[in-house]
Amino acid sequence: MNRCVVKDKRRSGTQDSSEGGADKKDNIEREKIEGKELTKEEKQRLRKEKKQQKKGKEKKDASLPQVSVAETAAPASQLKAERRARQEAERTSKQSKKGDTGQPATTSKPKIPPNELQPVVKRLPEHIQVDDPDVLKKLAKKLERQQTTENSEIQKIPRRLDYGYKVSLFSHLLQYSRKAPLTQQLSIPSAVIHPAIVRLGLQYSQGIVAGSNARSIALLHAFKQVISDYTTPSNEELSRDLVNKLKPYISFLNQCRPLSASMGNAIKYIKKEISNIPSQFKEDDAKKKLLNCIECFIEEKIVLAAKAIAKSSIEKINDGDVILVYGCSSLVNHILCEAFEKGRKFRVIVVDSRPRLEGREALRRLVQKGISCTYVLISAVSYILPEVSKVFLGAHALLANGYVMSRVGTSQIALVAKAFNVPVLVCCETYKFCERVQTDSFVSNELDDPDDLIVTRKGETQLKDWQQVPRLGLLNLVYDVTPPDFVDLVITDLGMIPCTSVPVVLRVKNVDLL
Amino acid sequence: MPGPYRETDLTEKVEAFLSDLKRGGSGTGPLRGSAETARETTALLRRITAQVRWSSAGDLMEVIRKEGRRMSAAQPSETTVGNMIRRVLKIIREEYARSRGSSEEADQQESLHKLLTSGGLSEENFRQYFTALKANVIEAINELLTELEGTTDNIAMQALEHIHSNEVIMTIGRSRTVEAFLKDAARKRKFHVIVAECAPFCQGHEMATSLSKDGIETTVITDAAIFAVMSRVNKVIIGTQTVLANGGLRAVNGTHTLALAAKHHSTPLIVCAPINFLFISGEILSKVNVHCPVFDYVPPELITLFISNIGGHAPSYIYRLMSELYHPEDHEL
């Protein structure tokens with residue numbers, strides 16, 4: 001009780017300064033009566049003031065293009081600001097109920113002042129602003145800041161450099177070479193980064209671990225390792241320190257290979273779980289709880305979701321079907337194997353594309369099960385489509401405007417299938433749903449190693465010296481977006497929904513999580 | 001010059017040509033462009049006309065038809081061979097008719113109506129002998145040859161009418177006609193070309209290196225990225241193997257997808273093809289291949305414009321050109 005009063009006095013002091021001369025005694029009376037709720041509002045107002053001060057400074061520092069983008073993003077983000085404001089309010093009320101004194105962990109996004117529709121300075125991710133030198137400088141500084149001084153040695157997170165001539169349409173994206181992995185710039189043993197993370201980063205950049213589910217699961221396993229090896233330093237709280245420890249790891253992984261939407265959601269979940277650890281937990285208990293949470297996440301969102309999706313999809317597969325799949329999607333393969341085990345009679349056409357040729361992996365898995373398959377390259381898709389009865393596609397992420405982000409070539413297959421009136425079904429777990437919006441494949445994409453396109457045909461390698469030719473560029477896109485009118489149905493663990501219902505699911509999910 | 005010597009020399013040449021065709025089709029020999037094949041065929045036919053003994057136009061037509069059947073059989077997918085033979089046959093008919101003095105209008109199929117109602121020409125048997133016929137036919141074939149040699153240049157000359165500055169043009173695979181077209185435009189205009197590599201043969205790579213060496217800003221993309229990149233493309237310019245009578249195309253694998261993507265984004269699709277690529281086909285085929293699909297059928301609705309050495313046409317006009325070039329009797333060799 002005493003503590004409460006002292007706090008209120010402090011707050012009322014600041015309130016005086018903002019309101020300009022309200023009666024001190026009245027304030028204390030009011031606060032005593034209204035108790036905790038007012039405390040929350042006071043907290044929020046304090047935070048708002050701090051934010052405005054910070055924004056005033058930031059606006060002076062921020063480069064011009066960022067501000068202009070923020071202004072154009074204002075109307076769309078006002079709705080988001082409202083939503084987020086409400087979520088903030090709910091979250092702080094829950095925390096104050098727990099009696100938590102710790103501040104919510106600082107995330108990379110600026111917090112929105114509640115109950116006010118201010119234009120939000122939306123920070124664009126750095127990986128799509130590579131052509132802006134100011135942004136690059138900021139990124140370098142951020143990586144420097146995320147260093148730890150161990151044994152009086154300052155080690156930085158290395159930054160990966162661009163490789164080769166970039167096509168002008170994509171000069172805002174990063175282009176890496178597989179032959180120069182980031183780990184070469186690290187010393188061994190690396191004091192900054194946990195070895196499990198280094199290994200993971202190398203696996204990502206070399207393409208050893210590929211596919212959004214595989215990457216997410218590998219990430220979560222690596223984090224489990226990190227958490228079990230973690231010890232809280234004295235004078236620090238686990239909930240805050242662990243999150244700060246994870247930040248350089250995430251930056252490192254991001255440099256190795258840009259994070260996927262599924263990984264982003266997994267990281268958000270972990271950070272939330274960590275920051276929700278109550279301070280009175282002992283370290284061992286806290287760690288156990290976190291490991292448990294991660295296990296739960298994998299079990300619920302990935303494994304069980306796959307089972308649920310397989311169950312719904314099997315209803316859609318009839319005997320005598322000819323099913324077309326593209327590339328190697330772990331979920332689609334799972335569905336087909338399950339359907340085959342249940343006794344459905346169908347055959348599969350696997351479509352593949354250069355340079356990744358992932359379809360061969362899918363082909364191997366399906367043939368091992370005993371499913372009869374055909375294999376074609378993507379250029380033959382309009383030839384083979386008249387025989388096809390259904391198209392099953394996997395997704396990397398589902399965007400908030402209903403677009404499906406998936407491996408490059410997916411939109412092409414959907415287009416041709418639409419022209420031939422063949423139904424297109426997309427299978428996607430809900431943890432891959434993403435709040436971003438995108439309408440074309442240019443603004444945000446990943447550029448893979450351009451040397452992959454080089455091939456030897458008839459003893460001649462035409463593009464061997466492409467770097468010497470001044471005007472020649474090679475483009476190796478990784479993702480593309482499919483408009484929702486090409487997709488007939490999306491099968492998720494929540495059921496079968498049309499593509500346009502994705503933002504509804506996102507909203508429901510957000511309210512759930514908090 | 002003794003007759004038999006000439007004959008063996010000729011048969012040698014024909015045999016060499018046939019084996020070349022066969023090899024070119026199976027993919028091991030040098031992949032020749034369709035224009036080159038057309039020229040060689042015509043040159044060979046001119047030789048045959050000059051050297052083989054024949055007394056009347058009918059005989060000549062029989063000889064040519066026989067050789068023609070052999071050549072078509074050697075490489076069924078290379079339709080320019082058959083086309084050239086039909087052109088030469090038409091030339092022979094025309095020359096014969098001119099020598100006989102009949103008016104040209106009776107020979108040509110002016111309208112669909114006449115096509116249906118006329119039956120009189122089948123009574124011709126081309127038995128009459130004219131001294132000047134040989135010389136006339138050879139002269140006409142020479143004209144045809146010069147026309148063939150000039151086709152690529154003629155098409156390339158029209159390039160500036162269709163390409164403006166700072167355009168992004170997409171193409172697929174390798175077509176010498178399109179290459180010449182773009183290089184000609186690049187002399188005066190600056191633009192950007194995106195080449196789809198067209199697996200599995202990846203001929204797009206050759207096209208890209210050749211274009212970039214000429215100073216054109218080029219990018220190579222995989223086939224899978226065609227739709228992803230299409231939103232930024234202003235025009236799609238492609239070459240083709242054959243143009244069908246209904247205005248459709250038989251072109252390299254992947255062209256149908258390209259055409260669909262262009263239609264979705266309302267990007268104009270322009271086909272550069274010399275006029276000798278017109279082909280008479282009985283059925284509209286959607287699969288035309290011996291190996292895993294080498295060619296695609298593209299329906300005429302997806303095509304915006306044909307650019308040939310005699311100018312630009314809409315796909316709906318192709319059937320008229322067909323009737324001008326070939327005689328209906330020669331549809332079956």
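## Aromatic pairs

Rings of Phe, Tyr and Trp pair if their centres lie within 6.5 Å; planes over 60 degrees apart count as edge-to-face, and those under 30 as stacked. In this predicted model, 4 aromatic pairs are found over all chains. Take Phe340(A) and Phe346(A): the ring centres are 6.4 Å apart and the planes stand at 85°, so this pair is edge-to-face. Phe340(A) is partly exposed, at 29% relative accessibility. Phe346(A) is buried, at 8%.

Phe486(A) also pairs, with Phe227(B). That pair is tilted, with 5.8 Å from centre to centre and 50° between the planes. Which parts of the chains do Phe486(A) and Phe227(B) lie in? Phe486(A) lies in the loop between strands S13 (479-482) and S14 (489-492) of chain A, and Phe227(B) lies in helix H11 (residues 226-230) of chain B, so the pair joins two chains. Phe486(A) has 5% relative accessibility and counts as buried. Phe227(B) counts as buried too, at 6%.

Chain A also holds an aromatic cluster, formed by Tyr269(A), Phe297(A) and Tyr431(A).

## Arginines over rings

Two arginines are placed over ring faces. Arg215(A) lies over the face of Tyr204(A), 5.3 Å from the ring centre. In chain B, Arg250(B) lies over the face of Phe295(B), at 5.3 Å from the ring centre.

## Strand S13 of chain A

Are the faces of S13(A) covered or open? Both are covered. Tyr479(A) and Val481(A) are buried on one side, and Asp480(A) and Thr482(A) are buried on the other.

The partner here is strand S8 (residues 404-407) of chain A. S8 and S13(A) pair in the antiparallel sense, over 4 bridges. Within this pairing, Val404(A) stands opposite Thr482(A).

## Helix H2 of chain B

Helix H2 of chain B covers residues 34-51, 18 residues in total. From first C-alpha to last, the helix reaches 26 Å. That is close to the 26 Å expected at 1.5 Å a residue.

Which residues of H2(B) are buried? They are Ser34(B), Thr37(B), Ala38(B), Thr41(B), Thr42(B), Leu44(B), Leu45(B), Ile48(B), Thr49(B) and Gln51(B). An α-helix has 3.6 residues a turn, so residues three or four places apart point the same way. The buried set includes Thr37(B), Thr41(B), Leu44(B) and Ile48(B).

Conventions: Residues are numbered from 1 along each chain as its sequence is written. Chains are lettered from A and ligands numbered from 1 in the order in which they are written. This is a predicted model: local features need pLDDT of at least 70, side-chain atom pairs count only at pLDDT 80 or more; totals for chains, interfaces and linings use all residues. Side-chain values use heavy atoms; hydrogens and water are left out. Rings of Phe, Tyr and Trp (its six-membered ring) pair if their centres lie within 6.5 Å; planes under 30 degrees apart count as stacked, over 60 as edge-to-face and the rest as tilted. Buried means under 20% relative accessible area, exposed over 50%, partly exposed in between (1.4 Å probe, protein chains only). A charge sits over a ring if NZ of Lys or CZ of Arg is within 6 Å of the ring centre and within 35 degrees of the ring normal. The expected span of a helix is 1.5 Å times one less than its number of residues. Two strands pair if DSSP finds at least two bridges between them.
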